[in-house]
Amino acid sequence: RFHHTSISHLFSCSKTVSDEKYQDPFQLGRKDLKNLYEDIKKELLVSTAELKEMCDYYFDGKGKAFRPMIVVLMARACNIHHNNSREVQASQRSVAIIAEMIHTASLVHDDVIDDANSRRGKMTVNQIWGERKAVLAGDFILSAASVALARIGNTAIISVLTQVIEDLVRGEFLQLGCKENENERFAHYLEKTFKKTASLIANSCKAVSILGCPDPKVHEIAYQYGKNVGIAFQLIDDVLDFTSCADHLGKPTAADLKLGLATGPVLFACQQFPEMNAMIMRRFSKPGDVERARKYVLQSDGVQQTTYLAQRYCHEATREISKLRPSPEREALIQLTEMVLTRDK
């Protein structure tokens, strides 16, 4: 693995008491995420058994609940920063639930668009129930999330979180397109990455900060942390598509190349192997393209460069969150940037 220095060492505030350092984010967030999936299922009250079964399929409690965990940790960090309140408000927890619902609806739809057959180590909804029903299930989860969002009754929060849904659609359209101009390609890739992955984390963090603290500076810190962590998360995901084995990842490797997608490692490799340009433009559609592109990526420093870029985004996330008052939750969010970089699936 590409070696990286421990970012938390660089940034942990010297005034922080030692027991507040190196908090395990999953342990710290667990108390607020208790019964998360049961609560989501309550939002998905449906009359038809088949639709219920489809909606419940991805909410099996086996996911890491990475997004809701960031959201509740950010809620606590902002509440402590504002008035030393140690409680997560009900509306803030609702944001965590809504974030997971929007995320899952987007997975169901993504799997249809990509014609994927496995997700999290099991068959996809579209493989079991068919594409038409999968589209409707994704729509239904999204509509239930919208109802839960309206129930919070705060127009600022509605505005922030509906932006996520718009970004998801725009990001998917960006992914379907391809830039002929090599110089525009990386910007296109990062914009797509922000819209498809980071916007949800950034705007969910911003939403809980608005609910917990009136200071717009804090809202911006929360948003920037979420945005930077979200982009880093996806960059590492794109690296794992080349470095991890399929069994470990829970989905096929080189999946992005098979979908015709040029991710960070490919775009960096292209600088060393310009012959990849033609393959990128034809979306790796010729026989042998996928294997050749994969070989070029692994021969180049594309994986290291993408990992290094992810480190820079995590560095920035840490710099932002360090502006908040010290708390176990703040330290856990710093720790989380490290976990994003070292995860292997």
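A crossing of two helices is called right-handed if the near helix is turned clockwise from the far one by less than a right angle. Keep that in mind for the first view of this predicted model.

**View 1. Helices α5 and α10 pack against each other.** Two packed helices are described by the angle between their axes and the distance between the axes. Here α5 covers residues 66–83 and α10 covers residues 182–212. Their axes sit 8 Å apart, at an angle of about 30 degrees. Angles under 35 degrees count as roughly parallel, so α5 and α10 are roughly parallel to each other. As for handedness, α5 and α10 make a right-handed crossing.

**View 2. A look at the residues where α5 meets α10.** From α5, the contact includes F66, I70, M74 and C78. Among the partners on α10 are L200, I201, C205 and V208. What classes of residue make up the contact of α5 with α10? Sorted that way, there are 10 nonpolar, 6 polar and 1 charged residues.

**View 3. C78 is in no disulfide.** A disulfide is a covalent bond between the sulfur atoms of two cysteines. Searching the whole structure turns up 0 of them. For C78, the nearest cysteine sulfur belongs to C213 and is 6.5 Å away, while a disulfide needs the two sulfurs within 2.5 Å. Is C78 buried or exposed? C78 is buried, and its relative accessible area is 0%.

**View 4. C314 is in no disulfide.** The nearest cysteine sulfur to that of C314 is the one of C205, 13 Å away. C314 is buried, with a relative accessible area of 0%.

How values were computed. Residues are numbered from 1 along each chain as its sequence is written. This is a predicted model: local features need pLDDT of at least 70, side-chain atom pairs count only at pLDDT 80 or more; totals for chains, interfaces and linings use all residues. Side-chain values use heavy atoms; hydrogens and water are left out. Buried means under 20% relative accessible area, exposed over 50%, partly exposed in between (1.4 Å probe, protein chains only). Axes are lines fitted to C-alpha atoms, for helices over the stretch in contact, and angles run from 0 to 180 degrees between N-to-C directions. Helices (H or I, at least four residues) and strands (E, at least two) are DSSP runs, numbered from the N terminus. Angles under 35 degrees count as roughly parallel, over 145 as roughly antiparallel, 65 to 115 as roughly perpendicular and the rest as oblique. Contact means heavy atoms within 4.5 Å. Ala, Val, Leu, Ile, Met, Phe, Trp, Tyr, Cys and Pro count as nonpolar, Asp, Glu, Lys and Arg as charged, and the others, Gly among them, as polar.
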